[in-house]
Amino acid sequence: MQSRGVMASRSSRLKARHRPSIEVLEARRLLANVQWISTSSGDWNTAADWSTGVVPGSGDNVTINVSGATPTITISSGAQSVNSISASDPLAISGGSLTVAANSTIGDGLAMTGGALTATGSGVALTVSGTTTATDASLYAQAGASLILSALASFSGGANVTDTLQATGSGSKLNLPALATITEDTTSYYSQILVQALAAGDVELPALTSITGGPVTLEADGSASKLNVTALANFQGNLGQRNMSTVQVTNAGTLVDPA
């Protein structure tokens, strides 16, 4: 027979072995609905103009729909990131950037005079309708997302910068169905526009007829990458012999241009 001392010792070891513990979990923020509440036009970074009193972040669903007014909200600086945006009033981007990670709509137009607009995430669609203009700006579809600017008719590059129209990754699509002309700056040697379908991305420019001005690069790189410029009839542009427009199709990429 075992002595009481031996049994007590075994019981103590079992209790020590199964001693409960507390696991500290990562803090998680629930998605918040944030609304623009000012009836006046203003800067995205003005905290007081938002319903929460805080500038929206990556965990927020943003609504811009002011009753009885049509303010223009301008992103002028900073890397702004939200989960989604539903805008029925005009949006402008003059600097910085806006990234969305869930299905979104900008329905009363977009004016870009700088900065960048990005849609990211598998199956995500960011659709921009209404009067749309873009100068010295960049557009990105990443990680399986679609970025559609249905009314953008022309695109102009800026001075001393590289502007980019790009779709990167399988399922990613940049769709500019009404874009007819691309014009690059000719005042600076460092100006260029990159139009890129990369890593199985798809750039659709079916109405593009003319590329002029400074240097523009058309690039399709990677298997299943597609750059569609089926209507392109005029492609020129340079800033000296070492900085000219180019076409690059590499690693089984596809450029669709019957002409």
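**Reading the model**

Analyst: Ala-141 belongs to strand E14 (residues 138-142); helices (H or I, at least four residues) and strands (E, at least two) are DSSP runs numbered from the N terminus. The model is predicted: local features need pLDDT of at least 70, side-chain atom pairs count only at pLDDT 80 or more, and totals for chains, interfaces and linings use all residues. Residues are numbered from 1 along each chain as its sequence is written, and side-chain values use heavy atoms, with hydrogens and water left out.

User: Is Ala-141 buried or exposed?

Analyst: Buried means under 20% relative accessible area, exposed over 50%, and partly exposed in between (1.4 Å probe, protein chains only). Ala-141 counts as buried because its relative accessibility is 0%.

User: With which residues is Ala-141 in contact, leaving aside its neighbours within four places in sequence?

Analyst: Contact means heavy atoms within 4.5 Å. With those neighbours set aside, Ala-141 touches Ala-119, Leu-147, Gln-166, Ala-167, Thr-168, Ser-172, Lys-173 and Leu-174. For Gln-166, 25 residues apart from Ala-141 along the chain, the C-alpha separation is 6.4 Å.

User: How many aromatic pairs are there, and how is one described?

Analyst: A pair of aromatic rings is described by the distance of the centres and the angle of the planes. Rings of Phe, Tyr and Trp (its six-membered ring) pair if their centres lie within 6.5 Å; planes under 30 degrees apart count as stacked, over 60 as edge-to-face and the rest as tilted. The count under this rule is 3 aromatic pairs. In one of them, Trp-44 and Trp-50 have ring centres 5.0 Å apart and planes at 65 degrees, so the pair is edge-to-face. Trp-44 is buried at 0% relative accessibility, and Trp-50 is buried at 1%. Tyr-189 and Tyr-190 also form an edge-to-face pair, with 5.8 Å between centres and 90 degrees between planes. Here Tyr-189 is partly exposed at 38%, whereas Tyr-190 is exposed at 60%.

User: Which residues do ring pairs link into a cluster?

Analyst: The cluster consists of Trp-36, Trp-44 and Trp-50.

User: Which residue forms a salt bridge with Glu-204?

Analyst: A salt bridge is a side-chain nitrogen of Lys or Arg within 4 Å of a carboxyl oxygen of Asp or Glu. The whole structure contains 1 salt bridge. Glu-204 pairs with Lys-226, their closest N and O atoms being 3.2 Å apart. Glu-204 lies in strand E21 (residues 202-204) and Lys-226 in strand E24 (residues 226-228), so the bridge ties together parts 22 residues apart in sequence. Glu-204 is buried at 11% relative accessible area, while Lys-226 is partly exposed at 31%.
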